[in-house]
Amino acid sequence: MMLLLILPGFLYFVVFHWLPIPGNIIAFEDYQPYLGFIDSVWVGLDNFAAAFSDQAFWFALRNTLVITLMQLILFFPVPIMLALLLNSIMSPGLKKFVQSVIYLPHFLGWVIIISIFTQLLGPTGVIPNLFESLGLPSISPMTNPDTFPLLVTVQTIWKDAGWGTIMFLAALASIDNDLYEAAAIDGAGPWRRTWAVTIPGMMPIIVLLLILNLGSALSVGFEQIILQRNNVGAQAGEVLDTYVYYHGIVDGQWGTAAAVGLVKGVVGLFLVLGANKLAHLFGQDGVYSRER
Amino acid sequence: MSVEMNAPTTVMRLGTKGARRLKARRPVWMEKPSIPMQGLKGLVLLAVCIAVIYPFLTVIGTSLSTQQEIAANNGFVLFPQHPTLDAYKTILSGGIVTDALIRSIGITLVGTALSVALTVMMAYGLSRKGVMGGNFFLMTALLTMLFTPGIIPTFLVVKELGLLNTYAALILPTALSAFNLVIVRSFFKGIPTELVEAARLDGAGDLRILWHVMLPLSKAVIAVVGLFYAVGYWNAFFNAMLYVNSDKWPLAMVLRQYVLLGSSLDQSAVGEIAAPTQAIQMAVVVISLVPILLVYPFLQKYFTKGVLTGAVKG
């Protein structure tokens, strides 16, 4: 009976998550849809060679890494700081209100968010118009290839920085109040207490989230990017995921695209495992020791 | 039900009424906050809230404006002087947006029901001890969080299953989320075994226990997970972009096509009332926002709880 309850869900994971994995074999084939997996010609590593000699691939890789790096530097600390700020608010009512406001954007889809950003920052948007009417140099944040990674990061911050505070707030709540009291009695001021009690208390969760972020380092928001890729052109707006989509599904270069996708997946997996190992070395819990 | 994180314990014990009167009490060892510091905090919080709320107001304002007003204000209309519903009449009088809206509602309802059912059943099965192969099934689900098979192979599987250009392709490929499964499972694990044992002694089978014992106790977590799924389906356009033709597009995909890619909406969304393009575009955005804004207040008190159960207990 129990098995019957589990079975549908299990089938889902097998069909849509495990079955595609052997499908990666087409990365080593000259895959032709009408021939299928079995009859398509085996080409060894040619697809990888083709991808690596494609300049567009390198652009995509570079953009992916730039955006990841930018998000790591600019986005990652924001929820931590917001959580610290929220945590320092004494009034429960105010805190609750701010929380409800900042969680909201997380529930909007990228299409909606980018539509809103277009309204504000697009060619006929609010802010460029404001600049114009103030006699300032005209700007065009939505279509400027040079600032695209920054734009993407700002959008991510707007969407998820508030939501990101949940975890950190929980970590903060679990810090024993006695520690603060003891520190205060020992003469530690507010900043000193933050440094000596709060930050160490948050460290495990910070490390955990860093690891998880690292694992998705090569997947920078597919939906978000593909919605804006054409605004800034492929050279600046292509990332690995959109490269796979355009070369595989749009242009029909199945093998090459699958090769890039495979490399991406494998590198991502090793990044998580490696980062987790590293976390263990530094004496942190990392991802899986929690699952026991 | 709500988790009042961080409130000093005295306040917790006094209950909400007492807490409101007292506010949160500053522990004796804590310094009185300085005025400039508090002012700074206030400013930052105000800025953050404005940064979130302001964009919504412009979008709504613009969608209610007339062409003259939009032109006169450089596309910046926060509070229209002569609000008009023309844009909404245009898009809701039949045509592409109306169809997509109906489709989106259908997909969201069916998809959410299916997803929640699958999640609850599997989570219940995995939450009880001694189920044959339990660990194996759990790992099958959890490991999918580590490795993504890739867009191309997934596309080929959907194609081989004959799902291309069906509504099923908008639901099935993302029907279950391992993350939500973990949330529900750990919630079920937290329900005392005695309850299940008692029901079993009374002769209830697994289905009956799930329906009459577990579900009534897990309304909160199911609400959260249901919301996560519903929002996912409502916002999704990835599946639509990959798998279906334009006659099956949900609202998000229409939004992309007509608002972001700038295809002309006017001819296709036939309406006798001429509303300004920008107002129409923003009206589509507002319509996509409405369902989320409607359910949000009811469910937000469960967020913290739901997310934390999933994250902490693993």
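**Chatting through a two-chain model**

Q: Which backbone oxygen does the side chain of A:Asn63 reach at 2.9 Å?
A: The backbone oxygen of A:Glu238. Keep in mind that this is a predicted model.

Q: What lies 3.2 Å from a polar atom of that A:Asn63 side chain?
A: The backbone oxygen of A:Ala236.

Q: Where is A:Asn63 placed in chain A?
A: In helix α5, which covers residues 55-75.

Q: Is A:Asn63 buried or exposed?
A: Buried. Its relative accessible area is 6%. Buried means under 20%, so A:Asn63 qualifies.

Q: Leaving aside neighbours within four places in sequence, what is A:Asn63 in contact with?
A: A run from A:Ala234 to A:Val239. It goes A:Ala234, A:Gln235, A:Ala236, A:Gly237, A:Glu238 and A:Val239. Two of those names came up already: A:Ala236 and A:Glu238.

Q: Back to A:Glu238. What does A:Glu238 form a salt bridge with?
A: With A:Arg229. The closest N and O atoms are 2.5 Å apart.

Q: Why would two such side chains pair up at all?
A: Side chains of opposite charge can pair when their charged atoms come close.

Q: Are A:Glu238 and A:Arg229 buried or exposed?
A: Both are buried.

Q: How many salt bridges are there over all chains?
A: The count comes to 4. One of them is the A:Glu238 and A:Arg229 pair.

Q: What does B:Arg200 meet in a salt bridge?
A: B:Asp206, at 3.5 Å from N to O. B:Arg200 is partly exposed, at 38% relative accessibility. B:Asp206 is at 12%, so it counts as buried.

Q: And which residue does B:Asp247 pair with?
A: B:Lys248. Their side chains meet in a salt bridge at 3.9 Å, N to O.

Q: Is B:Lys248 buried or exposed?
A: Buried, with a relative accessible area of 15%.

Q: New topic: how many salt bridges run between chain A and chain B?
A: The count is 0.

Q: How many residue pairs are in polar contact across that interface, then?
A: The rule finds 11 across the interface of chain A and chain B, both residues at pLDDT 80 or more.

Q: Which helix of chain A gives the most to the side that touches chain B?
A: Helix α1, residues 2-18. It gives 14 residues.

Q: How does that side of chain A divide into nonpolar, polar and charged?
A: There are 66 nonpolar, 22 polar and 8 charged residues.

Q: How many residues are in contact between the chains?
A: 96 residues of chain A are in contact with 103 residues of chain B.

Q: And how much area do chain A and chain B bury between them?
A: About 8800 Å², with 77% of it on carbon and sulfur atoms.

Q: Next, the inside. Which residues touch the most other members of the largest nonpolar core?
A: The core has 181 residues. The ones touching the most others are A:Phe107, B:Met122, B:Ile152, B:Phe188, B:Met214 and B:Phe303.

Q: Which helix of chain B gives the most to this core?
A: Helix α15, residues 277-313. It gives 14 residues.

Q: What does A:Phe107 touch, not counting residues up to four places away in sequence?
A: A residue of chain A, A:Trp163, and several of chain B. Among the chain B ones are B:Leu227, B:Phe228, B:Val231, B:Ile292 and B:Phe303.

Q: Which residues does the second, separate core include?
A: It has 5 residues, including A:Val207, A:Ile211, A:Ala275 and A:Ala279.

Q: Zooming out: how many helices and strands does chain A have?
A: Chain A has 17 helices and 2 strands. Chain B comes to 15 helices and 0 strands.

Q: What share of chain A counts as buried?
A: 52% of its 292 residues. For chain B, 51% of 314 residues count as buried.

Q: What box do the C-alpha atoms of chain A fill?
A: One of roughly 75 × 65 × 40 Å, taken along the principal axes.

Q: Last one. Where does B:Asn165 lie?
A: In the loop between α7 (151-160) and α8 (168-171) of chain B. B:Asn165 is partly exposed, at 24% relative accessibility.

Definitions and conventions
Residues are numbered from 1 along each chain as its sequence is written. Chains are lettered from A and ligands numbered from 1 in the order in which they are written. This is a predicted model: local features need pLDDT of at least 70, side-chain atom pairs count only at pLDDT 80 or more; totals for chains, interfaces and linings use all residues. Side-chain values use heavy atoms; hydrogens and water are left out. Helices (H or I, at least four residues) and strands (E, at least two) are DSSP runs, numbered from the N terminus. Buried means under 20% relative accessible area, exposed over 50%, partly exposed in between (1.4 Å probe, protein chains only). Contact means heavy atoms within 4.5 Å. Buried area is the accessible area (1.4 Å probe) that two parts lose on being put together, summed over both. A polar contact is a pair of N or O atoms within 3.5 Å; within protein, one must be able to donate a hydrogen and the other to accept it, and residues adjacent in sequence count only if both atoms are side-chain atoms. Ala, Val, Leu, Ile, Met, Phe, Trp, Tyr, Cys and Pro count as nonpolar, Asp, Glu, Lys and Arg as charged, and the others, Gly among them, as polar. A nonpolar core is a set of buried Ala, Val, Leu, Ile, Met, Phe, Trp, Tyr and Cys residues joined through side-chain atoms within 4.5 Å.
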